[in-house]
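Subject: Structure handover

Dear colleague,

Here is the structure I said I would pass on. My notes on it follow below.

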Amino acid sequence: MKKVDWSNLPFGYFKTNYNVRSYWRNGSWGRLEITSSEYINMHIAATCLHYGQQAFEGMKAFRGKDGQIRVFRWEENAKRMRSSARGIMMAEVPDELFLKAITEVVKLNEDHIPPFGTGAALYLRPLLLGTGAEVGVKPADEYMFMVFVGPVGPYFKEGFKPVSIQLVRDFDRAAPQGTGHIKVGGNYAASLQPGVRAKKEGFASVLFLDAKENKYIDEAGPANFFGIKGNTYVTPDSKTILPSITNMSLRVLAKDLGMKVEKRNVPVEELSEFDEVGACGTAAVISPIKEIVDREHKKVYEFCKDGVAGPVSTKLYDKLKAIQEGEEADIHNWNTIIE
Ligand SMILES: Cc1ncc(COP(=O)(O)O)c(C=O)c1O
């Protein structure tokens, strides 16, 4: 393997040694196969290609200070992938197969796990595809589950530095009774136009509002939104938001710190009342937000005026990272050690 500059890795694709795959045919999952191919040979009428019958997950494995490899809350990713599968009528991947796949693929690519202290991690990408051939709009009769991995650096190149984000009103990410709550490709396709435009206009990400009333904070691009108000952690309650495992964990840690946690509608105007705001997800844990610009209403909400993340966001970020990297006791049993 060529020498890797672990501390300067982008968040991008990185070729590794192997990926693992299993096929669902005739009503059951086959044995896990190992391959070094980066390609999938697929029927031209596969439903994932035409009707978006595909779902994915994103998770990380960390090399701890003690040298051990930890995967964070994989059961939640497995559960969410099953929820995605049910949502668009795909075969569900059972926990045993999911765990076997991530364990194997991490072990097979052990040399690609970034060393402790580099800020990088091994990103795991489980993927579920409808591979059966159909021309009519209906669920496939065959599926493929695979996991590939790659070392990644921090999601935003700024690292744990406050970013500016753009609130948009002329795009919706997901419909109220649609697929916003599951991790399927169509949601991401819908976010590309506003996402690319926001980057072009100088922002790290977009902030969507609820699609029905255009009143409440919804998803923060590929992350959940949270705000800190005094001793309270506030995060939107919405049917169109992906239930973030990071957000779920931060809520527990906030409670551990003696904070109040509120999951409720967050009207846009409330932005002016928060002491700190941030976006949270696997890729960055927390991306502190210094500025939210309402593109259409030309309004600007400012936070962390001294240019550094607020104290609560910093404490939560440090705590979650310390658990993930084995520096702090894993009192909630979130880590699985890969041996
Ligand atoms: C749309 C969206 N929301 C939220 C998240 C954060 O979820 P998690 O914390 O499970 O990574 C992600 C990333 O996975 C995402 O793509």
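G130 has Y143 in strand 8 as its bridge partner. That bridge belongs to the antiparallel pairing of strand 7 with strand 8, which runs over 10 bridges. Please bear in mind that this is a predicted model.

Strand 7 has other partners too. Strand 4, residues 54–56, runs antiparallel to strand 7 and is joined to it by three bridges; here F56 stands opposite L127. Strand 5 also pairs with strand 7 in the antiparallel sense, over three bridges, and K60 has Y123 as its bridge partner there. Is strand 7 mostly covered or mostly open? It is mostly covered, with eight of its 10 residues buried.

Y143 is also worth a look for its contacts. Leaving out residues up to four places away in sequence, Y143 touches W24, M90, A91, L128, L129, G130 and T131. In the largest nonpolar core, which has 44 residues, Y143 is among the members that touch the most others, along with A61, I102, L128 and V147. At least two residues of this core come from each of strand 1 (19–25), strand 5 (59–63), strand 6 (69–72), helix 2 (74–87), helix 3 (95–108), strand 7 (121–130) and strand 8 (143–152). Strand 8 gives the largest share, eight residues. Another core lies apart from this one; it has 43 residues, including A198, A254, V266 and I323. As a general point, nonpolar side chains in soluble globular proteins tend to be buried together.

The remaining notes concern helix 4, residues 185–200. What span should its 16 residues have, and how far apart are its end C-alpha atoms? At 1.5 Å a residue the helix should span 22 Å, and the end C-alpha atoms are 23 Å apart, so the two values agree. Just after the helix, G202 takes a positive phi of about 95°.

Regards

Methods: Residues are numbered from 1 along each chain as its sequence is written. This is a predicted model: local features need pLDDT of at least 70, side-chain atom pairs count only at pLDDT 80 or more; totals for chains, interfaces and linings use all residues. A nonpolar core is a set of buried Ala, Val, Leu, Ile, Met, Phe, Trp, Tyr and Cys residues joined through C-beta atoms within 7 Å. A residue is buried if 20 or more other C-beta atoms lie within 10 Å of its own, exposed if 12 or fewer, and partly exposed in between; C-beta atoms are placed from the backbone. Helices (H or I, at least four residues) and strands (E, at least two) are DSSP runs, numbered from the N terminus. Two residues are in contact if their C-beta atoms, placed from the backbone, lie within 7 Å. Two strands pair if DSSP finds at least two bridges between them. The expected span of a helix is 1.5 Å times one less than its number of residues.
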